[in-house]
Structures are given as C-alpha cells and as structure tokens.
Amino acid sequence: MLMLVSSWNTYRHANNHFAEDELERDMALARQLALAPPSPRTKDKPANYVEPSVVYSGRTPETSIDHSSSANRKILDQEISCLVDLQIRSTFYEVEGGLMALLRRCLELESENSRSIVSGHIDHYQIIESEDAGWGCGWRNIQMLSSHLLKQRQEAKVVLFGGSGFVPDIPSLQRWLEIAWERGFDTPGSESFDHKIYGSRKWIGAIECATLFRSFGLRARIVDFDSTALSKQLNNGESKGKKIKKQVYGPMDKFLLRTNCDDFQVGPSSYENSWQEHHSLARHPKDTMINGDGSRKYERKINGHQVLVDWVWNYFTSEIGGRLDNSEHVLISNKTRPLYIQHDGHSRIIVGIQMQRRVRESQNQFILLVLDPAHRTAALERSLRDRNGWQQLIKRGVHTFKKPQYQLCYVDPGVARGEEMEQLKTINSILIKF
C-alpha cells in the first residue's frame with residue numbers, strides 16, 4: 001500500500017565523516033549542477049508556464065538539526081544552506097484568477113439540493129510527459145499541497161524550503177527528502193531506499209509526503225483505510241460467527257462516530273439535522289461510546305469505501321461550524337487543508353467534497369472533488385471556464401474507489417518545536433478497517 005523513495009548523490013551523506021576538501025568539491029559540483037540551464041522542453045509546455053529560476057535567498061531553515069556528532073551537524077548545516085540557495089522554482093501552468101475560483105463558480109451554478117465545501121487557494125501541478133510521466137504523481141501532489149500551505153498558512157511559509165516562499169522543482173524536493181532522512185525522520189523508510197532518492201524515478205507516497213513536511217516542523221498526519229486486515233481476520237476464523245467491529249485508533253476518532261450497534265457506523269452521512277448537533281457528537285473523546293438510545297438520526301450503516309468518503313466529509317465540515325446551515329451552496333474553508341490520497345499505483349489531491357441531497361432516497365450522496373496531476377492544467381481550466389466536462393475531471397463518487405487500501409495525508413495547523421519535533425521523526429498511522 002505504501003510506496004517509499006530515496007537520495008541525492010550530489011552531496012555525500014554526513015555520516016561518512018568525509019574530509020573538508022571533499023566537501024568543498026561536492027559543494028562546487030552541486031553549484032554547477034544547479035546553475036546549469038534546464039533541458040529544453042519541446043512538449044507539455046503551454047505559453048503561460050512560469051519558467052524555473054535559481055533563487056539566492058541567503059537564508060537557512062529555522063528547523064533545528066539534532067545529530068550526536070558536531071562534525072556531522074556542521075556538514076548537514078552546510079548542505080541545507082547550499083540547498084536553500086540553489087533550489088529551483090518549479091514550473092507550473094498559471095491559471096488566471098486561480099483554478100479553485102473557477103471550480104467554486106461551477107459549483108455555485110449547480111442544483112440547490114447540493115452543498116459543497118472546498119479548500120482555499122491551490123495551484124495544479126501536472127505531470128510532464130517528457131519529465132516525470134509514470135512516476136511523478138507523488139511529487140506533483142507534494143507541490144500542490146505546498147502551493148496551498150505557502151499561500152494560506154503564514155507559519156508554514158516561514159519554515160518551508162528555507163523560507164524561500166516558492167514551490168521547488170522535483171530534484172530540489174528529492175534533496176529535501178534526503179536531508180529529512182539524514183536528520184532522522186522516517187528512518188525505516190530511508191533505509192528501505194538506501195538513503196538515496198535524488199535523480200531517481202522511484203515512486204513515492206503519502207509517507208514521504210508526511211516525512212518531508214514534518215522535517216520543517218509541520219504536523220503532517222497519516223490515516224490508513226484498509227479492508228484487507230479485516231478480511232484476513234474473517235478468513236482466519238477469528239469471528240467465530242460474531243460480527244467484527246472495525247477499530248479506529250488515534251486522535252482522528254473525533255471525525256468518526258462510534259456506536260454500540262452491531263455494525264460500524266460513521267456520521268454524519270445524513271443531513272437531516274443541524275451541523276452543530278453532529279459536531280457536538282463528533283467531539284466526544286476517542287474512548288467514549290455514543291449510544292443510539294433510540295435516536296437513529298445520528299447513525300448510518302457504512303458499506304465498504306463509504307467509510308472513507310464519510311471521513312472526508314467530517315474532515316471538511318469540522319472547520320465550517322454553523323455556516324453549513326445557511327443558504328450558501330459553496331463554502332470556502334481556508335483553514336481546512338487539502339488531502340493527499342494514495343492508493344496502489346497513483347495519488348491525487350482532494351480539494352473539497354459535495355453533498356447532494358436525495359429527496360426520494362433516505363441517504364444523501366457524497367462526491368469528492370479531486371485534482372489529478374495526470375490531467376493537463378490547461379484542459380482543467382478550459383472545462384471549468386466553458387462549464388463543460390469539468391465534472392468528469394474533478395468529481396469522484398464512492399463507486400470509483402475500488403482499491404482495498406487507501407492512505408490519506410493532511411497537515412494540521414502550527415509548527416512543532418523541541419520535543420514535539422523529535423516525536424515527528426517517527427511516522428505513525430491511524431488505522432481504520434472496513
């Protein structure tokens with residue numbers, strides 16, 4: 001389910017205790033590589049692409065480096081300082097007015113029986129056929145999340161990528177991931193890729209996304225949705241005729257309602273009651289059981305991948321509050337971060353969710369709003385401006401989720417310091433079985 005990656009061979013790893021003259025030669029080589037003109041692109045380069053540029057910020061990251069050896073720490077500090085100066089701004093197709101503004105406009109024109117919640121600003125980074133086709137989706141999703149964090153979160157802008165204020169290209173991101181590994185973030189992942197990723201075409205996933213952001217002090221979290229673990233329990237005969245309750249672990253239980261009924265249930269999937277009532281339930285401590293006590297309005301039996309969609313609904317509504325009860329068709333949640341969603345073979349970014357009320361049905365329908373790095377930004381822009389075909393590119397219902405395992409990554413507010421920064425080095429996952 002998880003895909004990991006590795007390192008940048010331009011610099012040598014700090015733990016080899018190499019001599020100062022070797023370090024100088026490595027630094028000189030790194031500068032030459034970074035200052036070299038980019039390869040000419042003959043495909044996938046629309047006229048309004050923002051060209052890459054080398055930026056000399058002269059700043060160093062504010063996040064602390066903790067290494068037992070002072071020599072290693074000095075070398076790593078030099079590597080970071082050099083990378084801050086030489087990292088390259090990534091190219092991207094710049095949509096006039098912003099892609100999310102176009103999406104909001106289309107959603108507002110839809111039926112009155114719908115409610116949509118979307119994130120704030122985010123730039124779309126597409127896979128370039130001549131550069132990263134077949135392997136670059138994870139990096140492009142990191143770039144999309146970074147564009148949101150840099151625009152919407154001032155505290156993230158200060159620490160991300162040495163305070164450069166821009167989204168780096170894939171080679172620069174690969175080197176930042178290597179430095180995160182050198183600093184002790186996700187050691188098992190680093191070892192599985194022999195500590196190297198720079199210049200490679202290996203796939204990465206949500207774990208690498210979390211590792212990269214955590215190395216800057218951002219509180220990146222992982223949630224796993226797994227149907228295979230429960231199937232194994234059933235196949236091993238552990239149920240013995242009893243229904244197995246799916247387990248939810250960790251702080252994200254606040255987005256899930258646990259009941260004492262026979263089937264696992266998550267709410268609110270039905271919009272019959274006010275959001276405040278649902279939210280008051282969702283804030284119960286994780287070990288609290290919410291009894292049905294005859295009131296079925298808070299409960300809905302979950303089948304398969306609907307548990308993932310319901311989780312996303314509660315995630316986005318958690319920052320909206322009473323605004324969900326007003327007459328607005330589209331609500332902007334500047335505080336709610338987009339979600340990186342990973343499955344075997346591909347990853348995308350969830351930028352919002354839509355609830356469609358079904359008058360003749362007992363349950364409402366939920367549609368995820370997704371940006372796919374495999375789509376061309378120009379095609380997305382054209383479909384949104386023309387209001388023609390954008391639904392096929394962006395909307396994804398529960399029936400489209402057929403993989404047995406999914407993984408989400410999101411970034412909580414604030415910047416970690418001190419002991420919390422040390423705790424972020426170990427990547428823990430919240431497991432939801434279905």
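Me: How do helix H3 and helix H13 pack, and at what angle?
Reply: Helix H3 (residues 99–108) and helix H13 (residues 377–386) pack at about 35°, with axes 9 Å apart. Axes are lines fitted to C-alpha atoms, for helices over the stretch in contact, and angles run from 0 to 180 degrees between N-to-C directions. Helices are DSSP runs of H or I with at least four residues, strands are E runs of at least two, and both are numbered from the N terminus. The model is predicted: local features need pLDDT of at least 70, side-chain atom pairs count only at pLDDT 80 or more, and totals for chains, interfaces and linings use all residues. Residues are numbered from 1 along each chain as its sequence is written, and side-chain values use heavy atoms, leaving out hydrogens and water.

Me: Why is the crossing of H3 and H13 called left-handed?
Reply: The label means that the near helix is turned anticlockwise from the far one by less than a right angle; clockwise would be right-handed. H3 and H13 cross in the left-handed sense.

Me: What makes the contact of H3 with H13?
Reply: Leu99, Leu102, Leu103 and Cys106 of H3 meet Leu380, Glu381, Leu384 and Arg385 of H13. Contact means heavy atoms within 4.5 Å. Six of these residues are nonpolar, none polar and two charged.

Me: Which residues of H5 and H9 meet, and what is the handedness of the crossing?
Reply: The axes of helix H5 (residues 137–152) and H9 come within 11 Å and cross at roughly 35°. That crossing is right-handed. Ile142, Leu145, Ser146 and Leu149 in H5 meet Cys209, Leu212 and Phe213 in H9.

Me: Why is Val223 called buried?
Reply: Buried means under 20% relative accessible area, exposed over 50%, partly exposed in between (1.4 Å probe, protein chains only). Val223 has 0%, so it is buried. Val223 lies in strand E4 (residues 218–226). Its C-alpha is 9.6 Å from that of Ile341, 118 residues apart in sequence.

Me: Why is Asp194 called partly exposed?
Reply: Asp194 has a relative accessible area of 46%, so it counts as partly exposed. Asp194 sits in the loop between helix H8 (187–192) and helix H9 (206–214).

Me: What is the phi of Asp194, and what of Arg387?
Reply: For Asp194, phi is positive, about 55°, although the residue is not a glycine. Arg387 also has a positive phi, near 55°. Most residues other than glycine have a negative phi. Arg387 lies in the loop between H13 and helix H14 (390–394). Its relative accessibility is 49%, so Arg387 is partly exposed.

Me: What makes a nonpolar core, and which residues have the most contacts inside the largest one?
Reply: A nonpolar core is a set of buried Ala, Val, Leu, Ile, Met, Phe, Trp, Tyr and Cys residues joined through side-chain atoms within 4.5 Å. The largest has 61 residues, and Trp139, Ile142, Leu160, Phe213 and Leu218 have the most contacts inside it. Leu218 touches residues including Leu149, Val159, Val411 and Leu424. A second, separate core of 28 residues includes Trp311, Val312, Val370 and Tyr406.

Me: How much of the chain counts as buried?
Reply: Of its 434 residues, 56% do.

Notes: Nonpolar A, V, L, I, M, F, W, Y, C, P; charged D, E, K, R; others polar. Lists of a residue's contacts leave out its neighbours within four places in sequence.
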